[in-house]
Amino acid sequence: MPLLVYFIARLLITKRKQIQAMALTLLAIGSVIAGLAILEQTAGIELFRPESLATSYGGDVRKVGGLLGNPAYIALALAVIIPLAIAGAVNSTSRRTRFAYIASFIFLEIGIFFTVNRSGWAGGLLAVLVF
């Protein structure tokens with residue numbers, strides 16, 4: 001399925017403006033996912049969690065479910081989007097857009113931190129180091 005999505009996107013997205021629009025859309029979606037992870041971990045508000053899943057690791061550390069149901073999936077989705085924020089910050093021409101990309105990057109990293117998932121933390125770090 002991901003390969004099919006890749007080929008469809010490859011055929012439909014042909015101009016630089018379309019690539020930038022796709023990157024901004026992915027950053028907006030990632031910001032929503034990160035915001036839900038932060039909200040769920042700090043306030044304990046679980047908007048999209050089935051009753052059958054465990055809700056905590058123990059103590060006051062909650063198991064974030066968010067829209068994707070698993071903290072590892074949330075961290076993976078956010079780690080994949082981080083290079084887009086870095087690329088936007090590096091390539092932006094105005095201070096306002098650069099600040100927006102940097103703020104998005106920080107927000108995504110905080111979202112990964114609040115998933116309390118070590119592999120997600122490693123993915124967030126590798127996204128920065130490899131890019």
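## A first look at the chain

Of the 131 residues in the protein chain, 27% count as buried, meaning under 20% relative accessible area with a 1.4 Å probe, protein chains only. This is a predicted model, where local features need pLDDT of at least 70, side-chain atom pairs count only at pLDDT 80 or more, and totals for chains, interfaces and linings use all residues. Residues are numbered from 1 along each chain as its sequence is written, and side-chain values use heavy atoms, with hydrogens and water left out.

What's it built from? The protein chain has five helices and two strands, running α-α-β-β-α-α-α from the N terminus on. Those are DSSP runs: H or I of at least four residues for helices, E of at least two for strands, numbered from the N terminus.

Helix 3 and helix 5 pack at about 15 degrees, with axes 9 Å apart; the axes are lines fitted to C-alpha atoms over the stretch in contact, and angles run from 0 to 180 degrees between N-to-C directions. The two helices are therefore roughly parallel to each other, a label for angles under 35 degrees.

Here is who touches whom, with contact meaning heavy atoms within 4.5 Å:

| Helix | Residues | Contact residues |
|---|---|---|
| Helix 3 | 71-91 | A75, A79, I82, P83, I86 |
| Helix 5 | 118-130 | G120, G123, G124, A127, V128 |

By class, this contact has seven nonpolar, three polar and no charged residues. Ala, Val, Leu, Ile, Met, Phe, Trp, Tyr, Cys and Pro count as nonpolar, Asp, Glu, Lys and Arg as charged, and the others, Gly among them, as polar.

Notes: Parallel < 35°, antiparallel > 145°, perpendicular 65-115°, else oblique. Buried < 20%, exposed > 50% of the residue type's maximum accessible area, 1.4 Å probe, protein only.
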